[in-house]
Amino acid sequence: MKITILGAGAWGTALAIPLAHKHQVTLWGRNAQAMQAADRQRENSLYLPGFPLPEGLAVTADFDAAVRHVCDDPADSLLIAASSVSGLRELAGQLRAYPIPNLVWLCKGLEEGTRLLPHQVVQEVLGPQLAAGALSGPSFAQEVARGLPCALTIAGADAALCERVVAAVHGNNIRIYSSDDLIGVEIGGAVKNILAIATGVADGLALGLNARAALITRGLAEITRLGVALGGRVETFMGLSGVGDLILTCTGDLSRNRRVGLGLAQNKKLDDIVAELGHVAEGVRCAQAVRALAREKGVEMPITDAVAAALFDGVSVQEMVARLLARDAREESL
């Protein structure tokens, strides 16, 4: 199968590595100098250092050539967008000039300003007729690149596309499950990043494992409430893109969003924390969008509210914790 991955960041590069062992894969990045260096050195030293690129993996900054790689054989090809949510609209706009066969995206979050999920952005730009879907689930780029076991979900309304993604990606220690609950999968992937910031704060303040467990559990309730309100199914949030991704992002040391929370607990400024990361932390970008969307839908999300207040309203992390602990007792439910 011919596969093109648009976006040579850590996750796009990590996925390209195992796929290149069994498919004709092209990895595109917009930084021409970095792509030339990666092709020459056979390592993406800018975004995923330390992991050799397979010899069969084509690395390029030529957007036209990368896209035409899959357009030339639409019956047996797959186009994957590995941009951030903030870059998805621009990338989709570039694709309008091509007869692309399909589109699968890896990003998790909501678009700032519009508060749209990735599939809504894609539909606005490329239309609802395109076979499209989200590949999501608990996955750290470094572990995928290392070949460690991983399980993901491909979600979309087009059953044939889901089957194609399973055929392409399943194997090499990666298991792929399919779902038609695109909204649920995308909400799980977006909101868990915000909750990981909260967990990082709790860990940074040494509030203990009991507090971490409480945040993860009640955070799952928040994800489910919002997801159901938007049309997702409860069972989706019990799966890989719900509780699975939530646990990984809230507890793993490789989690960028958790590291944001750890930095806030050290009284670091948000701009300094993001600069230190050197990568996108989607929980920061979509916290305000999720807070606004929840209020619009009348969905109670106290942990999300607290995180957004700490990030953008000048509320200290100590006050953030105090507000959560001061909430009235209630029945445990969604």
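Trainee: In which helix do Arg-323 and Glu-319 lie, and how many residues apart are they?

Mentor: In this predicted model, both residues belong to helix α15 (residues 317-325) and are four residues apart, about one turn of the helix.

Trainee: What makes the contact between the side chains of Arg-323 and Glu-319 a salt bridge?

Mentor: The N to O distance is 3.3 Å, and the cut-off is within 4 Å. The pair therefore meets the definition of a salt bridge.

Trainee: Why is Arg-323 called partly exposed?

Mentor: Its relative accessible area is 43%. Buried requires under 20% and exposed over 50%, so a value in between is partly exposed. Glu-319, at 36%, counts as partly exposed by the same rule.

Trainee: How do you know whether Asp-203 is buried or exposed?

Mentor: Asp-203 has 19% relative accessibility; the limit for buried is under 20%, so Asp-203 counts as buried. Arg-258, at 8%, is buried as well.

Trainee: Which parts of the chain does the salt bridge between Arg-258 and Asp-203 link?

Mentor: The side chains meet at 3.0 Å, N to O. The bridge links distant parts of the chain: Arg-258 is in helix α11 (residues 256-265) and Asp-203 in helix α8 (residues 182-204), 55 residues apart.

Trainee: Why is the protein chain called as compact as a globular protein of its length?

Mentor: The protein chain has 15 helices and eight strands. Its radius of gyration is 19 Å, close to the 20 Å that the globule rule gives for 334 residues, so the description applies.

How values were computed
Residues are numbered from 1 along each chain as its sequence is written. This is a predicted model: local features need pLDDT of at least 70, side-chain atom pairs count only at pLDDT 80 or more; totals for chains, interfaces and linings use all residues. Side-chain values use heavy atoms; hydrogens and water are left out. Helices (H or I, at least four residues) and strands (E, at least two) are DSSP runs, numbered from the N terminus. The radius of gyration is taken over C-alpha atoms; the globule rule is 2.2 Å times the number of residues to the power 0.38. Buried means under 20% relative accessible area, exposed over 50%, partly exposed in between (1.4 Å probe, protein chains only).
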